[in-house]
Amino acid sequence: MEMPSTRDNHPSRRGFLTLAAAAGAATALGGLPAFAATPAPRRPTTSPMLAPNVAAKNQLWWRAPGSATSMIEQGLPVGNGRLGALASNDPSREFLTITDATLWTGGRNDTLDGDGQFPYGREDFGSLTMLATLTVDIPGHDLGAVDAYRRTLDLAQGLVSTAYDIAGVGYRREVFASRPDDVIVLHFTSQGAGTYTGTVSLAGTHGESTTVDPTGRYASFGASFANGLRYGAAVTAHSGTGTVAVSGTSISFTDCRDLTVIVSGGTNYAPTATTGFRDESVQPQRLARDKVLAAARASVRELLHTHVADVRPAFERFAIDLGASSAGQRELDTWERVQARWRDNVPDPELEAAYLQFGRYLLISGSRGSLPIGLQGPWLDGNDPDWMGDYHSDVNIQMTYWPADRAGLTDTFDAYADYCVAQLPVWTEVTQRLFNTSTNRFRNTSGRVAGWAVAFSTNPYGGSGWWWHPSGNAWLCQNLFEHYEYTQDRGYLAKIYPVVKGAVEFWETRLVTATVTDASGATREVLVADRDWSAEHGPQDTRGNTYSQELVWNLFENYHTAARVLGRDADHARSVDALRKRLYLPEVSPTTGWLQEWMSPDNLGETTHRHLSPLIGLFPGDRIRPDGSTPAAIVAGATALLTARGMNSFGWANAWRSLCWARLKDAEKAYQLVVNNLRPSTNGSNGSAMNLFDIYETNPGRGIFQIDANLGTPAAIVEMLLYSRPGHVELLPALPAAWASAGSVAGVGVRGGFTADLSWRDGRVTQARLTSVGGRSTTVLANGRSRQVNLRPGESVTLRNL
Amino acid sequence: MPSPTTPRRQPGTRVPLVAAALGVLLAAGAAPAQAAPTTVAQAAPTQAAADIAQRPFMGWTSWTMQSSKYPGLNPDGDYSYLTEANVLKQADALATKLKPYGYEYVNIDAGWWRDNAWVPRFDQYARQTPDPVRFPRGMQAVAEHIHGKGLKAGIYLPVGLEKEAYANGTAPIFNAPGCTTANIVYPDLRTTNGWDSAYKLNFDNPCAQKYIDSQAQLFADWGYDFLKLDGVGPGSFKSGDNYDNVADVAAWQRAIATAGRPIHLELSWSLDINHAADWKRYSNGWRIDTDVECYCNTLVSWENSVDDRFDDAPAWSRKAGPGGWNDLDSLNVGNGEMDGLTRAERQSYATLWAISKSPLYTGDDLTRLDDYGLSLLTNREVIAIDQNGGAPARPVTPAGDQQVWGAKNPDGSYTVALFNLGDAPASVTAHWASFGFTGNASVRDVWNRRDLGTQRNAITAALPAHGSRLFTVRPGTALTSTSYEAEASVNTLTGTASVGGCDACSGGQKVGNLYVGGTVRFNEVTVRKDGIYTVAVSYVSGDARSVQVSSNSGNGSYLKFPSTGDWGTVETVSVQLALKAGANTITFDSGTWYSPDIDRIAVPQTL
């Protein structure tokens with residue numbers, strides 16, 4: 001198999017940044033409001049469009065449109081990192097649900113309930129809500145008379161396109177969400193005598209009234225929430241052929257052979273605690289109007305090229321080929337293919353690779369320049385998303401970002417890091433004021449509190465929701481620090497350092513001493529986490545839970561490294577090291593043979609519980625390593641516990657299981673769990689919806705979208721192909737038979753500051769290339785042999801004869 | 001106001017049907033649970049006029065608007081739409097707009113002999129006689145007007161002697177000296193029909209036939225060409241001896257034969273399929289299902305109950321033919337706002353009726369047809385499919401939200417219909433292999449009146465919610481398949497599964513008793529190339545049953561096979577399964593319930 005050439009498949013980070021800068025789009029969030037006036041983007045001077053046969057390699061496609069009443073399962077997502085939309089692609093009624101990641105109700109939510117925990121309602125804690133719906137009615141294009149319907153999600157170019165014929169005339173439309181122009185564009189074209197006649201309607205979802213401006217150039221609305229957040233949206237349309245005019249509160253178009261519709265919107269949210277997370281200078285309705293009118297001054301071709309030039313380099317930093325699918329599989333559309341994959345249990349490597357790329361597409365579309373991706377990202381179909389569409393700190397947001405560095409989207413991690421940094425002042429203030437409230441059953445026995453903590457849920461206003469989650473800070477920091485391991489970016493490390501240090505300080509006040517008896521009968525004093533829950537089952541008042549012990553161990557270790565790299569807090573770091581050495585670490589239960597979840601040999605929870613909290617040291621941590629460096633009994637206990645948790649869970653729980661099995665090098669179990677997440681979801685059952693969104697069945701017949709599985713599963717696929725920790729890389733640690741015959745992957749992030757490209761045949765690595773993004777040395781284990789690689793930042797080495 | 005002679009569907013009426021279905025389920029693989037009782041008079045029935053119902057009849061019925069709460073239709077109380085003025089208005093519209101396309105019957109439904117308070121009126125011979133407010137000039141004048149438009153006239157009766165006509169047993173029977181109403185019913189006045197609104201006729205007494213003769217004579221004298229006999233059992237949500245009206249139907253056939261005028265005899269409603277042979281012998285058509293009307297603010301609704309027909313029609317597909325057709329009830333697609341249906345639903349409704357060879361009679365207000373409705377009712381190619389004399393179409397794929405139906409046409413082409421019964425748009429694919437051919441085939445889009453050119457191996461269409469497409473396909477190459485008998489010794493049977501005799505099955509045997517975990521696994525199903533195959537499954541199932549079908553290690557699909565109508569008829573549906581080069585297994589697993597009996601499978605030799 002040919003290695004993908006560097007030029008086509010693996011632009012360097014430097015190349016990416018250059019392209020992005022050319023598109024005028026490289027804006028960091030820090031200090032800037034999420035929705036702001038920006039100078040006109042620079043337009044690419046050459047076409048960035050992929051040739052159709054090249055683009056086809058990264059396209060999903062369907063032979064039927066989505067239903068306006070099932071947008072979560074059937075709408076196709078687009079997003080510019082802040083604004084997201086789902087498109088139905090019905091010929092006679094293009095329908096978009098539009099969500100701005102910052103359109104949150106609620107606020108600081110810093111008055112505890114009587115039990116010392118946080119309120120968790122849509123008014124107090126708040127909820128992500130939809131911004132608008134956009135409808136383009138084209139009554140003459142009834143689906144009943146449509147032939148050759150096809151809609152396509154082009155992952156590499158960030159395009160949703162729809163093509164169909166009516167009476168032999170071809171029609172085509174494209175929908176894309178541009179970050180450089182900060183608008184969503186719908187472009188309708190036809191061949192020959194085909195025309196469009198209908199209306200464009202923009203509607204708010206909170207009872208706003210849309211109005212048209214007197215000159216008839218646009219329609220818009222604006223309003224504000226009870227929490228003071230202002231928001232607004234605007235739409236304009238134009239055609240080079242027919243008539244476009246204002247009609248009531250809509251825009252009508254008549255006999256148009258082409259039609260362009262441009263919509264934008266946003267809020268005056270700002271990621272700054274000092275201004276109450278508002279930018280009072282922003283007038284969202286007016287800004288949305290300015291943006292759509294500015295974009296309308298450019299040609300659609302310019303808008304499209306600017307958008308593709310922006311997203312393509314990000315997408316192309318990673319490429320994957322898991323092997324060829326059959327001709328019969330390729331004939332099927334994506335949804336039929338998902339169904340056939342499950343029905344026949346015949347591997348479909350191209351579909352499985354596409355599932356990974358779809359996850360990457362969601363990260364590119366939902367995590368650039370604004371808030372991070374919550375439980376659904378900016379893809380809602382109503383204003384009551386389950387669990388508020390919030391940020392869950394006990395696996396969900398962490399999992400969402402697991403593929404960022406692994407799968408060549410290191411820049412999308414910024415939204416996560418910037419979020420934590422921006423929230424820190426409020427998290428700190430609220431924690432120090434409220435955590436030791438006497439009614440909080442999780443309060444510190446020491447009576448002291450420092451640093452910061454969060455609850456299970458967080459919002460973008462520094463607010464926490466539901467129960468305190470003392471270990472959540474350490475887990476958030478685990479991702480933060482791991483991003484440094486991938487990038488070796490000291491500037492970044494300095495940015496997040498206060499967050500990590502604050503979490504460490506919290507734990508310095510929280511650890512308590514306990515006396516344990518070793519197998520030898522000797523007793524020793526250890527440090528354990530105070531009374532807590534092993535999320536989300538079992539007793540709620542146990543000390544020394546494995547989940548907490550592992551996370552704190554990891555936090556303290558990372559703090560040690562961070563302080564050393566930055567040359568700060570040497571004395572404090574030493575004292576934290578001393579604490580770490582005294583931390584109790586989990587044992588294997590003589591009763592169950594499992595790694596203990598609690599400081600008890602008994603199973604105090606649900607055997608097949610969705611969470612793998614006690615295995616957090618296996619993944620995402622790597623304290624438990626099946627390579628001889630961890631006592632075999634611990635590895636065996638972890639394996640036994642993972643086995644007991646079972647293979648039949650859902651979405652993110654399957655993804656986490658898969659990642660753990662990949663770490664244990666059980667390729668087939670890891671693969672089966674990927675396959676389980678590709679099970680077609682019908683009537684809300686667990687699995688993948690028509691649009692590949694992961695569906696979790698909360699009650700029989702009721703499924704909800706949780707994006708974390710769409711991102712955790714890709715992370716698992718990468719983890720099956722490459723394992724890394726600083727100083728150590730392992731190629732093909734868990735390659736399943738389904739992908740073994742031949743394949744390649746390029747642009748994989750490597751902890752320690754590298755990226756890797758590798759190809760394989762018959763299960764053996766045939767070639768690997770390591771590029772330093774800051775790392776200097778590592779061992780590389782391939783085909784059972786280890787070698788040492790030393791590089792300077794920017795250098796690459798190709799390893800052959802493996 | 002509830003009406004005793006109104007076929008209003010009751011919420012609970014499904015329960016006995018489910019129980020009956022369960023009874024058949026438990027007799028898996030056995031002969032029909034109910035043999036047709038031989039209550040019919042032995043005299044050979046006179047042959048009906050040869051030209052009656054050679055093709056499904058076409059026309060209009062009054063009941064749809066009578067039964068609706070649509071504003072303005074029934075200003076003088078429920079069912080008050082039925083008047084001479086309204087009937088003649090509709091007849092005139094039918095003659096103008098639809099007659100050129102073959103619509104000819106103007107059918108007066110229930111109530112012509114009842115006032116607006118639903119009080120009936122009878123002549124001295126206990127025969128229904130027109131309500132003077134509804135029909136001030138009587139029924140003959142109406143028929144004459146209809147005939148004057150070149151159309152045919154239809155009338156209606158409930159089966160049995162209506163209770164109000166009994167007159168203490170004293171009413172004489174016309175042209176039957178010595179016979180009174182007391183002689184034509186049972187001494188215990190046992191009741192019959194779907195509403196228990198009549199006394200059951202006792203044909204052991206010749207007076208009963210005379211009563212029917214007198215009614216038929218009246219209709220013939222008035223000039224009626226069509227009679228809907230309603231509330232007929234077994235059916236009409238009734239079963240048991242008192243509701244067995246086979247003898248009534250036979251009596252009507254005899255009476256019509258001697259009345260001096262050909263009269264089409266149509267039976268209603270939800271006739272018992274176990275008596276299909278009786279209905280075919282004595283009548284010209286039978287309602288297979290409950291009322292299509294919704295008794296609501298529109299004429300019909302998709303869920304209540306157009307969509308029921310997709311489940312219920314397959315069982316009857318082999319019961320219809322020239323002389324007697326499966327009646328799916330009225331076709332109300334002419335005015336979207338009144339019909340209460342989307343465009344897609346209206347087209348699907350018309351499609352199912354046409355491919356099922358159902359009579360095509362609308363209950364719409366023909367003076368208010370919209371353009372789309374008129375186009376649906378007057379598409380000559382669709383009407384030609386309904387009228388081509390061939391067998392009704394059947395599903396060629398298992399029943400689910402996306403279905404493919406088809407039938408071979410008398411001219412060798414195929415009618416292929418795609419349906420999306422789901423609530424969201426979906427694509428549906430018809431594989432030519434499901435019809436026994438392969439390669440290139442020319443496709444005509446019937447509704448849109450366009451040739452779509454040559455399509456290779458399959459056609460796929462995006463269908464709206466509840467949508468459909470209708471194609472005529474001229475096949476290319478015949479498909480060559482390899483058959484594997486279920487009963488072959490190489491196969492593996494588990495649990496309850498067993499081999500049983502089956503006259504209609506290939507090899508004379510099948511594998512039945514597939515229930516609660518019983519499985520049959522076809523072993524050594526051999527193909528030359530890896531791929532996804534269209535595997536034809538021949539099966540027997542007197543009711544719709546589901547089975548998990550899988551190949552090799554696949555999870556398979558839980559598929560509902562449509563009823564074959566009885567336990568002696570084999571039908572075929574096809575399923576998509578991946579097979580690998582070499583030997584494969586294909587498994588039918590009953591899971592937790594009852595599955596069809598499997599006759600054989602056929603696997604294409606090439607992809």
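1. Domain bounds, as used in this note, come from an automatic or database domain assignment. On that basis, the centres of domain 1 of chain B and domain 2 of chain B, taken over C-alpha atoms, are separated by 33 Å. The model discussed here is a predicted one, and the points below should be read with that in mind.

2. Chain B is divided into domain 1 (54–390), domain 2 (395–478) and domain 3 (481–604). Between domain 1 of chain B and domain 2 of chain B an area of about 1,900 Å² is buried, with carbon and sulfur atoms giving 64% of it. On the side of domain 1 of chain B, the residues that lose the most area to domain 2 of chain B are B:Phe310, B:Ile355 and B:Glu381, which together make up 26% of what that side buries.

3. One salt bridge is found across the interface of domain 1 of chain B and domain 2 of chain B. B:Glu381 forms a salt bridge with B:Arg444, and the closest N and O atoms of this pair are 2.5 Å apart. Polar contacts between domain 1 of chain B and domain 2 of chain B amount to eleven residue pairs, counted where both residues are at pLDDT 80 or more.

4. For chain A, the domain assignment gives domain 1 (20–107 + 120–316), domain 2 (367–645) and domain 3 (740–799). The C-alpha centres of domain 2 of chain A and domain 3 of chain A lie 30 Å apart, and their contact takes ten residues from domain 2 of chain A and eleven residues from domain 3 of chain A. These two domains bury about 690 Å² between them, 42% of it on carbon and sulfur atoms. Of the area that domain 2 of chain A buries against domain 3 of chain A, A:Glu485, A:Tyr486 and A:Gln488 supply 56%, more than any other three residues.

5. Three salt bridges are counted between domain 2 of chain A and domain 3 of chain A. A salt bridge also joins the side chains of A:Arg751 and A:Glu482, at 3.8 Å from N to O. Six residue pairs are in polar contact between domain 2 of chain A and domain 3 of chain A, both residues being at pLDDT 80 or more. Helix H11 (402–406) and helix H13 (472–487) of chain A each supply at least two residues of the side of domain 2 of chain A that touches domain 3 of chain A, and H13(A) gives the most, with four residues. The residues of that side divide into two nonpolar, three polar and five charged.

6. Chain A also holds an open sheet of three strands in the order S25-S26-S27, with antiparallel pairing. Strand S25 (687–688) and strand S27 (702–705) of chain A each have a single partner strand, so one side of each is left without a neighbour in the sheet. Strand S26 (residues 694–699) of chain A pairs with S27(A) in the antiparallel sense over four bridges, and A:Tyr696 stands opposite A:Ile704 in S27(A).

Terms used. Residues are numbered from 1 along each chain as its sequence is written. Chains are lettered from A and ligands numbered from 1 in the order in which they are written. This is a predicted model: local features need pLDDT of at least 70, side-chain atom pairs count only at pLDDT 80 or more; totals for chains, interfaces and linings use all residues. Side-chain values use heavy atoms; hydrogens and water are left out. Buried area is the accessible area (1.4 Å probe) that two parts lose on being put together, summed over both. A salt bridge is a side-chain nitrogen of Lys or Arg within 4 Å of a carboxyl oxygen of Asp or Glu. A polar contact is a pair of N or O atoms within 3.5 Å; within protein, one must be able to donate a hydrogen and the other to accept it, and residues adjacent in sequence count only if both atoms are side-chain atoms. Contact means heavy atoms within 4.5 Å. Ala, Val, Leu, Ile, Met, Phe, Trp, Tyr, Cys and Pro count as nonpolar, Asp, Glu, Lys and Arg as charged, and the others, Gly among them, as polar. Two strands pair if DSSP finds at least two bridges between them.
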